[in-house]
Amino acid sequence: TWKKFATYDQDAGEREMGKSMVHLELLSVQPMPDLPASEMVVKVTVLPLRLHVDQDALDFITRFFAFKDDSVPVHTSASDIPFIQRAEVNDVPVRLDFKPKRVDYAGLRSGHTTEFMNFIVLDEARMVLRHTIIYGVSGFDRLGKTLNDIWMPDVKRNQLPGILAGLAPVRSIVNVGSGFKDLIEIPIREYR
């Protein structure tokens, strides 16, 4: 059982002392001085992450952020939702370990293809959430959805081999292959 969820990725190098894991710059701007409405400019920098995710933690996080309390009024007017003029998220290197515990076969039959993920154990799968700049988004919910819509196709299209190298059975083959490459490459480099 893992006792941590998100940590600094030690393989990324030594962490600078006193540097925050997440650096968030939030600037409130008023585009027109005579209007009371303000907009936000957001810039986020995250140090390289190592995620230890098991299925129970993932289910909890999904339920936690999907929770809606009916007794609390939702945004009644459009002015309650913050308008994000510009949001910039720098590259976020991520190394992911994932342990599935069960598969929902009923969900799989009903078309939830994400259940296929619960067949796979990931070990040190590497990916990078690319540097992204988004303009003109109303609300943090929409910002999160937009970031997901940008990052997921990039990860699937361009970084899938790195994720597949994190599959537990494939990982040992990758380690043997890289060790064999070093066995040949290092003596040749030293000879030169």
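Predicted model: local features only at pLDDT ≥ 70, side-chain atom pairs only at ≥ 80, totals over all residues.
I started at Arg86: its side chain makes a polar contact with the side chain of Tyr135 (3.5 Å), and another with the side chain of Glu88 (3.0 Å). Polar contact here is a pair of N or O atoms within 3.5 Å; within protein, one must be able to donate a hydrogen and the other to accept it, and residues adjacent in sequence count only if both atoms are side-chain atoms.

Numbering runs from 1 along each chain as its sequence is written, and side-chain values use heavy atoms, without hydrogens and water.

Next I asked myself: is Arg86 buried, partly exposed or exposed? I put it down as partly exposed because its relative accessibility is 25% (buried is under 20% relative accessible area, exposed over 50%, partly exposed in between; 1.4 Å probe, protein chains only).

Then I listed the contacts (heavy atoms within 4.5 Å). Leaving aside neighbours within four places in sequence, Arg86 touches Met40, Val41, Val42, Ile133, Ile134 and Tyr135.

Last, the strands (DSSP runs of E, at least two residues, numbered from the N terminus). Arg86 sits in β5. I found β5 (residues 83-89) paired with β3 (residues 39-46), parallel, over six bridges; pairing takes at least two DSSP bridges. Arg86 is the bridge partner of Val41. With β8 (residues 132-138), β5 pairs antiparallel over six bridges, and there Val89 has Thr132 as its bridge partner.

Key:
Helix = DSSP H or I, 4+ residues; strand = E, 2+ residues; numbered from the N terminus.
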